[in-house]
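I am keeping short notes on what I look up in this entry.

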Amino acid sequence: MGEVGGRRRLRADLSDPSLSLSLLSLQHYDGCTLLAIADEEGYISIVDTAAPLPPSLHPRDGDAATPAPRAQWLCHANAVFDAAWTRGDTRLLTASGDRTVAVWDTLDATRVATGVGHAGSVKSVAPRPGAPDVFASGGRDGAVLLWDSRCPGAGTRAGGAGDALSPVA
């Protein structure tokens, strides 16, 4: 974790891989629009679209003049295929090729919960309007699973962080 151009950087390894998978998810917060971008390495980058956009999501260390993502962290051990904001801008749901869904606290980039239940890559995730703790995920296995982040499950944790979730339907 470090400071780049006055912005918090959570990613430790700033190598310069090509971005072959991207996801765009907008959230309006405190007069600015935040953009969540996912990549095939499992990282989420949060960019403030009102500020100058970074020429790369992977800036070089020590280059304070180059705009950097507002925050960036490793979410999964595989590609992140989808993400959705919930609870305003304080939570982010992610769907990954590692066959899990995750709930993230965006204030400090901590995993709140991990859902295990798909037999293949999870391709989409969507919160239920009006019920920010309930969300659905769709996977390559053809299953659509319903989750409630208030109900810890009997599943095993992926990555050893956050509560384990099991699908509720």
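I take strands (E, at least two residues) as DSSP runs, numbered from the N terminus. The model is predicted, so I note that local features need pLDDT of at least 70 and side-chain atom pairs 80 or more, while totals for chains, interfaces and linings use all residues. Residues are numbered from 1 along each chain as its sequence is written, and side-chain values use heavy atoms, with hydrogens and water left out.

Serine 96. I find serine 96 in strand 8 (residues 91-96). Its relative accessible area is 0%, so I log serine 96 as buried (under 20% relative accessible area, 1.4 Å probe, protein chains only). Its side chain reaches the backbone oxygen of alanine 79 at 2.9 Å. Beyond neighbours within four places in sequence, the contacts (heavy atoms within 4.5 Å) of serine 96 include His76, Phe81 and Val122.

Aromatic pairs. I count two, taking rings of Phe, Tyr and Trp (its six-membered ring) with centres within 6.5 Å; planes under 30 degrees apart are stacked, over 60 edge-to-face, the rest tilted. Tryptophan 73 is in strand 6 and tryptophan 104 in strand 9, so the pair ties together parts 31 residues apart in sequence. I then looked up phenylalanine 135 and tryptophan 147, which are stacked, 6.2 Å centre to centre with 15° between the planes.

Charge over ring. I see the charged end of lysine 123 over the ring of phenylalanine 81, 3.6 Å from its centre (the rule: NZ of Lys or CZ of Arg within 6 Å of the ring centre and within 35 degrees of the ring normal).

Technical notes
Helix = DSSP H or I, 4+ residues; strand = E, 2+ residues; numbered from the N terminus. Buried < 20%, exposed > 50% of the residue type's maximum accessible area, 1.4 Å probe, protein only. Polar contact = N/O pair within 3.5 Å; in protein donor to acceptor, adjacent residues only side chain to side chain.
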